[in-house]
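Here are my notes on this model, point by point. Please read them with the structure open.

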Amino acid sequence: MCLISIRAVAKCSSGPEIGLFYADPSGSSTWYPLWPSVPDTISLPWLTEGEIWISAFQDYDCSYHYQFSKNDVLVASGPMNHDWLLGTINPITGPGIYDLCAGTEWYICDRHWTIVVTDASEITPHCKLELRALLGGAAINGPNSTMRTQLRLTEDFPLTEPFTFMGWTDPTSGGESITGSMLDSTNTQPVVDWVRVELRSVENPNEVVHAINGLIHKNAVVTDADDHGLVFDVPPGFYHVAVRHRNHLPIVTEKVLLLPYSFYLYTNYQSVPVFGIDTRMPVPGSSNLALRPGNALLDEGPQRISYAGLDNDRDAILQRIGGIVPTAIVSGYYNEDLNMDGVVKYAGANNDRDVILQAIGGTVPTAVVVE
Ligand SMILES: [Ca+2]
Ligand SMILES: [Ca+2]
């Protein structure tokens, strides 16, 4: 059985919070903060095997009240529970439009959230996913978590997704393409690179249900090749989400996600755990996590990042620049361009070799990181 609840928390020092909390078919539960970073309207499918309910919480030094209604009819109100465990206001009893408001008095609505619950059978089998992620090689240090975008200006930046050519074939995707204007500098959120986003099966996180080859932008937002949101050709339900890139370790969410999902999934946040503790790494000066860079040489089987030994990623850089003169430079769209600035460099400022050293820990050159 899958259990879903909306949890509202009033922290008197920082204002109220609200989030989605649910137990999923894999037997685990996930907390996704909704406020203040997401819109006030949340859309959820009503799954026949599921239950949804609303809960409200607050700290002991707070005095927030709530009002909860279904289809404009007030069904519950009162002071928020002071118990973090569970403060059930009223179960969501089926499809409808639910409204939760929170205020410092029972008659005041300082904030409110609308939860639109739709019968899954009435939703066309197209599930939207709003996704943000960071590529560690392109990530700019500091709290803002943006990425450099020079790579798109290389002459050979592919206008068709590069993954099929690499052998990452998949029956549900392939051949997505863009026009050159997508790479213009006038784009307010310029393209960083191509990424592949995959929905994986609840029962088997290795099984791809549907994939899209899309674009990751400077502000971490992932879109399809037409610069629109990601829409997967699948029925509403629970899925693992995977993000893959040419020269980063892939990530797969450890918990399943309920789709359609009307608010952003931030795979760069620690609140969204992924399989494998090493597949992400912190962006210096930020609390965000990025896909781990440094995979210049793609591996047979699980992807690994290594600086020394057989099939290491460092030698791939050296070979790309000619294999003899370590100060040589090659410009273009290459897997060995680990910091994604459009140039492959082995030595000197902003070289790509250092990206591998940092990705394996920075001290022991024989260390290896595996997805
Ligand atoms: Ca490798
Ligand atoms: Ca580079």
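1. A cut-off first. P302 has 10 other C-beta atoms within 10 Å, so P302 is exposed. P302 sits in the loop between β21 (289-291) and β22 (304-306). Leaving out residues up to four places away in sequence, P302 touches V370 and E371. P250 is 52 residues away along the chain, yet the C-alpha atoms of P302 and P250 are separated by 9.6 Å.

2. Confidence. This is a predicted model. The average pLDDT of the chain is 83, and 81% of the residues score at least 70. Residues 1-5 have a pLDDT below 50; beyond near neighbours in sequence, the model gives this stretch 23 contacts. Residues 83-90 also stay under 50, with 19 contacts beyond four places in sequence. Read the contacts of both stretches with those scores in view.

3. Overall make-up. The chain has 371 residues, of which 42% count as buried. Its secondary structure comes to three helices and 25 strands. Take the contacts in the chain with a separation of 6 or more: residues 24 or more positions apart account for 61% of them.

4. The core. Which residues of the largest nonpolar core touch the most other members? They are L134, L135 and V197, in a core of 73 residues. Strand β12 (residues 191-200) supplies the largest share of this core, six residues. Beyond four places in sequence, L135 touches M147, V192, D193, I216, H245, H248, A290, L291, P293 and M340.

5. V243. Is this residue buried or exposed? V243 has 25 other C-beta atoms within 10 Å, so V243 is buried. The residue lies in strand β16 (residues 237-244). Leaving aside neighbours within four places in sequence, V243 is in contact with A133, V195, V197, P250, I251, T267 and L291. R196 is 47 residues from V243 in sequence, but 5.8 Å away in space, C-alpha to C-alpha.

6. P143. This proline has 9 C-beta neighbours inside 10 Å and counts as exposed. Its place is in the loop between β11 (127-132) and α1 (163-166). Not counting residues up to four places away in sequence, P143 touches G285 and S286. P143 and G285 are 142 residues apart in sequence; their C-alpha atoms are 5.8 Å apart.

7. The five-stranded sheet. The sheet is open, with the order β4-β10-β9-β6-β7 and mixed pairing. β4 (41-46) and β7 (73-79) stand at the edges. Each has a single partner strand, so one side of each is left without a neighbour in the sheet. On average, neighbouring strands of this sheet are turned by 20° against each other, direction ignored.

8. β6 and its two partners. Strands of a sheet pair through backbone hydrogen bonds, either parallel or antiparallel. Strand β6 (residues 65-70) runs antiparallel to β7, and six bridges join them. Six bridges also join β6 to strand β9 (residues 96-103), again antiparallel. On the β7 side, Y66 stands opposite G78, and S69 has L74 as its bridge partner. On the β9 side, F68 stands opposite L100. β6 and β7 form a hairpin with two residues between them. N71, in the turn, has a positive phi of about 50°.

9. Helix α2. How many of the eight residues of α2 (residues 313-320) are buried? Six are, so the helix is largely enclosed by the rest of the structure. The buried residues are D313, R314, A316, I317, L318 and R320. They pack against β22, β23 (329-331), β24 (343-345) and α3 (353-359). G322 follows α2 and has a positive phi, near 115°.

Conventions
Residues numbered from 1 in each chain as written. Chains lettered and ligands numbered in written order. Predicted model: local features only at pLDDT ≥ 70, side-chain atom pairs only at ≥ 80, totals over all residues. Core = buried A, V, L, I, M, F, W, Y, C linked by C-beta atoms within 7 Å. Buried ≥ 20, exposed ≤ 12 C-beta atoms within 10 Å, placed from the backbone. Helix = DSSP H or I, 4+ residues; strand = E, 2+ residues; numbered from the N terminus. Contact = placed C-beta atoms within 7 Å. Pairing = 2+ DSSP bridges. Axes fitted to C-alpha atoms, helices over the stretch in contact; angles between N-to-C directions. pLDDT = per-residue confidence, 0-100.
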